[in-house]
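Subject: Handing over the structure

Hello,

Here is the structure I promised to pass on to you. Please open it alongside this message, and then read on for what was found in it.

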Amino acid sequence: RVSIGTLTMALTRTLFQLSSQPTWFENISIRPNGTILATRLDVPEVWAVDPATSSGSLLFRIPLLKNVPSQALTGICALRPDVFAIGAGVYDMMGGTGAKAGSFSVWLADLTGQEPKVTKVTDTPEIAMINGMATWDENTALGYRLFERQGVQARRYIWSVRYCVGR
């Protein structure tokens, strides 16, 4: 931390970055062991970043359709320890057209076992893009999307996806 008078600022540093370009880490969540999970907007991948060693590795890839270009992951949130909700869809970063309306879905990643178990929860055709997620309870993820029209805020949406797992 650096203090200047009454202002205190935290020092920042890069923990991890990919060497290939262009790449884009979009959203993050934290595992119980402190590892950072980061979704990628340029490919449907979730990476694990260890802040203690500044190292990162591909943890898993969401199995979206292979013939669809510009696949992306957006929001991520922990529903309970090592169980995460993730937003996925089509986002054209390079062409500049952005999100493809109606292409997004919500996935569940269970990291409690030896290997990640990734399953689709639901498609979200009424949502143009999932941009940010938060936990409501252990079975419900909230998503947020702000729609803009020619630079003017048009509508804000908060929606929820609730899933049940047999117990």
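Strand 4 (residues 36–40) and strand 5 (residues 45–50) run antiparallel and are joined by 4 bridges. Across this pair, Leu37 faces Ala48 of strand 5. Strands here are DSSP runs of E with at least two residues, while helices are runs of H or I with at least four, both numbered from the N terminus. Two strands count as paired if DSSP finds at least two bridges between them.

Before going further, please note that this is a predicted model, in which local features need pLDDT of at least 70 and side-chain atom pairs count only at pLDDT 80 or more, while totals for chains, interfaces and linings use all residues. Residues are numbered from 1 along each chain as its sequence is written, and side-chain values use heavy atoms, with hydrogens and water left out.

For the chain as a whole, the count is 0 helices and 14 strands. Of its 167 residues, 38% are buried. Buried means under 20% relative accessible area, exposed means over 50%, and partly exposed lies in between, using a 1.4 Å probe and protein chains only.

Because 9 of its 10 residues are buried, strand 8 is largely enclosed by the rest of the structure. Its pairings are as follows:

- With strand 7, strand 8 pairs in the antiparallel sense over 7 bridges, and Cys77 has Ala85 as its bridge partner in strand 8. These two strands form a hairpin with 2 residues between them, and Asp82 in the turn has a positive phi of about 65°.
- With strand 9 (residues 98–99), strand 8 pairs in the antiparallel sense over 2 bridges, and Asp92 stands opposite Gly98. This hairpin has 5 residues between its strands, with a positive phi of about 80° at Gly96 in the turn.
- With strand 10, strand 8 runs antiparallel and is joined by 6 bridges; here Gly87 is opposite Val106.

Which residues have the most contacts inside the largest nonpolar core? They are Leu37, Val46, Phe60, Ile62, Leu73, Ile86 and Ala88, in a core of 14 residues. Strand 5, strand 7 (71–80), strand 8 and strand 10 each give two or more residues to this core, and strand 8 has the largest share, 3 residues. A nonpolar core is a set of buried Ala, Val, Leu, Ile, Met, Phe, Trp, Tyr and Cys residues joined through side-chain atoms within 4.5 Å.

Among the 18 residues lining it, Leu64, Leu65, Val68, Val90 and Ser103 are the closest to its centre. Strand 8 gives the most to this lining, with 3 residues, and the lining divides into 9 nonpolar, 6 polar and 3 charged residues.

The second largest pocket holds about 190 Å³ of space. Its lining includes Phe16, Trp24, Phe25 and Val49, and by class it has 9 nonpolar, 3 polar and no charged residues. Strand 3 and strand 4 each supply at least two of its lining residues.

On terms, a pocket is an open set of points on a 1 Å grid over the protein atoms alone, where a 1.4 Å probe fits, with protein on both sides within 12 Å along at least five of seven lines; lining residues have an atom within 4 Å of a point. Grid points are joined across faces, edges and corners, and a volume is the space filled by probe spheres set on the points. Ala, Val, Leu, Ile, Met, Phe, Trp, Tyr, Cys and Pro count as nonpolar, Asp, Glu, Lys and Arg as charged, and the others, Gly among them, as polar.

Finally, two serines. Most residues other than glycine have a negative phi. Ser54, in the loop between strand 5 and strand 6, has a positive phi near 55°. Ser70, in the loop between strand 6 and strand 7, has a positive phi of about 60°.

Best wishes
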